[in-house]
Amino acid sequence: MRTLYPFHGGVHPVEHKRESTQLGSAIAPLPLHLVIPLRQHGGNPAKPVVSAGDQVLKGQRIGTAEGYISSSVHAPSSGRVVAIEMRPAPHPSGLPDLSIILETDGEERWIERQAVDYRAIDPAGLRQHFQDMGVVGLGGAVFPSHVKLNAGNLETLVINAAECEPYITCDDMLMRERAAEVVQGIRIAQYAMGAREVLIGIEDNKPEAIAAMQIACQGTGFEVVAVPTLYPSGSAKQLIKLLTGKEVPSGGLPTQIGVQCFNVATVYTMHRVVNHGEPVISRLVTLTGNMDEPRNYEVLVGTPVGELVKLARPKADTTGYLMGGPMMGVPLADLSVPVVKASNCIIATSKALFPPLPRAMPCIRCTRCAEACPADLQPQELFWFSRARNFEKAQEYKLFDCIECGCCSYVCPSHIPLVQFYRFAKSEIAEHEKERKAADLARERHEFREFRQEREKQEKAAKHAAKAAEMAAKAAAASGKAGEAAEGGDDAAAAKKAAIQAAIERAKAKKAAVKPQNVDDLPPGAQAKIDEIDERRAQAKETAEQSVAVQKSDKGQGA
Amino acid sequence: MENYFLILIGTVFVNNIVLAKVLGLCPFMGVSKKLEAAIGMGMATAFVLTLASGASYLINQYLLGPELIYLRTLSFIIVIASIVQFTEMFIHKTSPVLYQVLGIYLPLITTNCAVLGIPLLNVQENHNFIESLFFGFGGAVGFALVLITFAAMRERLEGADVPLPFKGSAIAMVTAGLMSIASMGFSGLVK
Amino acid sequence: MIGLAVALGAVLGFASLKFKVEGNPLVEKVDAILPQIQCGQCGFPGCKPYAEAIGAGNTAINLCAPGGEATMLRLADLLGVEPQPLAADAAVQKPKQVALIDEQTCIGCTLCLQACPVDAIVGAAKQMHTIIASECTGCELCLPPCPVDCITMEPVDVGMNGWKWQYPVYPISDVRNDAEVAA
Amino acid sequence: MSINSPLVAEKSTVNIIMLKVLAALLPAIAVYVYFFGPAILVSITLASATALATEAAVLYLRRYPLRVYLLDGSALVTAWLLALSIPPLAPWWLVVVGTAFAILVAKHLYGGLGNNLFNPAMVGFAALMISFPAHMTHWPAPDVLAQSHWNFAQQMDFMFGGALPAGAKLDAVTMATPLDTLKTQLHLDRTVTEIQSGSIFSILSGKGTEIIALFYLLGGLFLWQQRIISWHIPLSFLGAMFATAGVLHLVDPGQYASPLFHIFAGGTMLGAFFIATDYVTSPTTLLGKLIFGAGIGISAYIIRVFGGYPDGVAFAVLFLNSAVPLIDAYTQPRVFGHAGKWFRGGKE
């Protein structure tokens, strides 16, 4: 038995895992339309590389990574791109996001798949391959995996198969049914990171998965560790602490302490990518909760949730759906949202399974939240300051070490929506940080402008002085002409004014009739010239708009 | 030795300058909104108070004597004022933020009744030089302690759901009153 | 008495030389809080001059319109003064916006270039101008000088990237909830 | 209100916690009635009614939902603790004034449940102690020791009308508490052993009161077993008082009573398990709780032995209440992924 290093706190909600493991996983039918958001990963959204009307093959790249912290998106099936437009996305905001709409043709024609020998390519090449194939963390955070792989000489590679949230069983089923393939994926990750030791952490409420993994790991040196069932042992930081006793430094990366952590489903996709040449286009999704046939399904990314849930036959008294687990999941306002790489579970809710929480009462500082907090925070203080909008203090009490696991809200006898307060405070602070950065930029530019104006003034003064000297010299030669020169200056100002006035007239005319007149019978050369100018104008406009867009996305990263 | 100890305990807890003698309320209410400022103010006052009680003892004993009693208050104020001026310059140089936060209250240490009260009480109680120093220091520590505790309480109160009419200074006064009630438990402890 | 006064005066004089303070570091701190829009709505020709005025204690802290209440509260916090309600003309909060030049109408007069406090407009005489949106602070200073009114302020669409979690509705003092509770 | 994760929660609520606290007090109250008669039930009822009425009035003024907050049980806890702290034969207006002051000033001026800095019951007690010291010392003698026995009607007459039964003297039914006796007699240069041979003293502490204290202890253990309170405050409170008393007792047993006497006398047990452990007015960090408890234990001992008041628990609790925000700020435990052991809130 391996020594475990328990983390502080944690809770143990009712598991509800048996319901969805009664049946083995099945493959969800191909829907008619797939909605593939371009933002299915942490970082910048992918850039579409197809346009409406294009025919695409299954596995073909339809969105390419934009920058380093980004990933690619692929067509989950063959068919025709019908549109690239804003569609509702599974996000707490409920806001629409840019998505590619694919009309499937039912033929499932694959693009040419190529397995690669990962030992033959250098780690950098392998990472690039993962980015191109859209490998991201499937545990829920969907951070691009190639970024996480970018560290070598690792002490420990932790495979996160704890699956601590209630209801969710997709990783459990994956390990039960495809343990050997998971292990092949682990080999790839171990190779890419040069890890000396591999620990697979599985909560002890999944004996079948543990047994399957133990058999598959025989002779590999990988160690399957059964960890106590305690939410949130599936949080990367907490699992690393549990297995290795090391704490990821606040604001730092696990690689700083020689550890990296991948979700078990992620390493499985690494295996599919490397050994089968299949990009990440599907995943196991648990359909459970208030349903007649709860079960895990292999679902194509982009499948609308509304169509998917029908497979498990939700009961009549279902009140709504939840994407993710009950502790950290997102309630879905709109069932047209698609399954994305992050979706591990869809839970049908009912009044019986999720009774409405009692009314929130004032905080009585009972510190049950502090006892339950796996990050050793004092949630009651964070709440006190967040509620009073005292963000500075909230930060001093380490608000940003909060992992939003929801343990505090779970145990709170006053039923205060604590996590919401932390999310609110965090986004307010991020917003302020963004504003401060913008202010710094503006200050810098303003100061430069003042400096420039001062310099120009001096230059002008110097010029004037030089000119004056010249004048004086000239005046000495012919004193009569000096007055005229001064008059000339006035003339110049007047001329400028007149020019502006003329331009205004012209502009007014233009405004009145933006559509150019008298173009009916122009010689072909002139028409071409006009077109060219118009195009240039359009381009300029686009550039301006793009810079607006860039600014927007800059803001987004701060959040 | 026991005598000095009793003076110290007495001035810090039992006859606390703020809670029992109700002196120095101006900075007590004014500079207790932030813990940092309260700590700075507490230290500045402690410095001034200890120096002032020592210096005023010397002046009273050796310069004024029994004949010039009518000059006592006047000369004490001069001494206190110059010590305050000195402290102010010192803080301005070493901690501009503290200087700004203390703001008007820093020069107001001069007119802090606690700072004048302690030397006058010294004279009244016929303390010798060492006793005067202890009395001044104890009073200052008592003042600083109460100020800092009070500031911490007010920081917490900022987040409290206090009814609108009582927000701010009103609830602070109530709190000071309740603190005073709490400190009454110590009455009868010394003398 | 006089001797005492003279002696103390000498000590203080010496101290004032010894502890002389150069400049006012507070201005930097105030300036760091201000939003740097450089709009001049506070009545000062920019954020720095306003910061200097606050540092010298010459003006109120509630004049910054773009910063709104948050900036005022931060200033109050820094200076240790009571928060004040925003001045009447600073109280109107506008959404974040950037200037946009209608290139069809622009005559290239360069007047807006001179007005822009952060050099966010590019262009030359008789050439069409355009605004670098990422640099624009939305100060509106380029609007008055434009002779053909071709500049408009466009609100920045926040979208999903700019989306924020809202303050949780916390029904403790909420009058509207009384009915619900009684029901 | 938008619904967001987590969507599941434990079943416990504020009023369940408060009801458990009240339940833990019941056995001790029963014993109280056995030794001192049913008058205490009347003052508890009176205090409860006053507390609820005051609370309702404030809630109405602030337009807060009445039912929710009246049912949370916190006003009842305050009322019961205050009623148990003051003499059971105290006149009715004393109970009413004390409770109203506690609820109004100590609780609702700060914003009600969860916002107060001082323990309301102890604020009420201290205010009464300072304002009406004479009435606060009319402790009844245990039934076995009383020179004359009042029936319930006579007790009520006294409580509500201030009328003594014909020919009776107040001294006949009341007597000084063990702590009070000890203090006054020590001033008469008698030794502890001599004094404790007196009739009101028993094995541990006072006759009757020691048994009540024992039941407070049992109630406290119940709360601890129910995980309503942690062991930190009661243990450090009792431990610090025991240690202080123990050291002085060893130095001079003639002057200082035994530590066991002290932890079973006066309000110690009630204070350690029910008053000092009040969530809102005690520190939230574990180290802070230890400091807080120890601080109360030592101050309470100092006040009751050296100070002017017969018992020091209430004042000690209030005194340490005022230090709670400071204690909390300086005893923040290390956060996951940070170095060091403790940090000061606000500074690394």
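This briefing covers domains, helix packing and confidence in the structure above. The model is predicted. In chain A, domain 1 and domain 2 have C-alpha centres 33 Å apart, while in chain D the centres of domain 1 and domain 2 lie 22 Å apart. Chain B is described through two helix pairs, H3(B) with H4(B) and H7(B) with H8(B). For chain C the topic is confidence, with a mean pLDDT of 76.

**Chain A: domains**

- Chain A splits into domain 1, made of 19–27 + 131–332, and domain 2, covering 357–471.
- Where the two touch, domain 1 of chain A supplies eight residues and domain 2 of chain A supplies seven residues.
- On the side of domain 1 of chain A that touches domain 2 of chain A, four residues are nonpolar, three are polar and one is charged.

**Chain B: helix packing**

- Two packed helices are described by the angle between their axes and the distance between the axes.
- Helix H3 (residues 35–64) of chain B and helix H4 (residues 72–94) of chain B have axes that come within 9 Å and cross at roughly 145 degrees.
- The crossing of H3(B) and H4(B) is right-handed.
- From H3(B), the residues in this contact include Phe47(B), Val48(B), Leu51(B), Ile59(B) and Leu64(B).
- From H4(B), they include Arg72(B), Phe76(B), Val79(B), Ile83(B) and Ile91(B).
- By class, the contact of H3(B) with H4(B) comprises 14 nonpolar, four polar and one charged residues.
- For helix H7 (residues 113–124) of chain B and helix H8 (residues 129–157) of chain B, the axes come within 10 Å and the crossing angle is roughly 150 degrees.
- H7(B) and H8(B) also make a right-handed crossing.
- H7(B) contributes Ala114(B), Ile118(B) and Asn122(B) to the contact, and H8(B) contributes Ser132(B), Phe135(B), Gly136(B), Gly139(B) and Phe143(B).
- The contact of H7(B) with H8(B) divides into four nonpolar and four polar residues, with no charged residues.

**Chain C: confidence**

- In chain C, 80% of the residues reach a pLDDT of 70 or more.
- The pLDDT is below 50 over residues 172–183 of chain C, a stretch with twelve contacts in the model beyond near neighbours in sequence.
- Where pLDDT is low, the predicted coordinates should not be read in detail.

**Chain D: overall form**

- Chain D has 16 helices and two strands.
- The radius of gyration of chain D is 21 Å, close to the 20 Å from the globule rule for 348 residues, so chain D is as compact as a globular protein of that length.
- Along the principal axes, the C-alpha atoms of chain D fill a box of roughly 70 × 50 × 35 Å.

**Chain D: domains**

- Chain D is assigned domain 1 (11–174) and domain 2 (176–207 + 222–348).
- Contact between them involves 23 residues of domain 1 of chain D and 21 residues of domain 2 of chain D.
- On the side of domain 1 of chain D that touches domain 2 of chain D, the elements giving two or more residues are helix H1 (14–36), helix H4 (74–85) and helix H6 (120–131) of chain D.
- H6(D) gives the most to that side, with six residues.
- That side of domain 1 of chain D has 18 nonpolar, four polar and one charged residues.

Methods:
Residues are numbered from 1 along each chain as its sequence is written. Chains are lettered from A and ligands numbered from 1 in the order in which they are written. This is a predicted model: local features need pLDDT of at least 70, side-chain atom pairs count only at pLDDT 80 or more; totals for chains, interfaces and linings use all residues. Domain bounds come from an automatic or database domain assignment. Ala, Val, Leu, Ile, Met, Phe, Trp, Tyr, Cys and Pro count as nonpolar, Asp, Glu, Lys and Arg as charged, and the others, Gly among them, as polar. Axes are lines fitted to C-alpha atoms, for helices over the stretch in contact, and angles run from 0 to 180 degrees between N-to-C directions. Helices (H or I, at least four residues) and strands (E, at least two) are DSSP runs, numbered from the N terminus. A crossing is left-handed if the near helix is turned anticlockwise from the far one by less than a right angle, and right-handed if clockwise. pLDDT is the predictor's confidence in each residue, from 0 to 100. The radius of gyration is taken over C-alpha atoms; the globule rule is 2.2 Å times the number of residues to the power 0.38.
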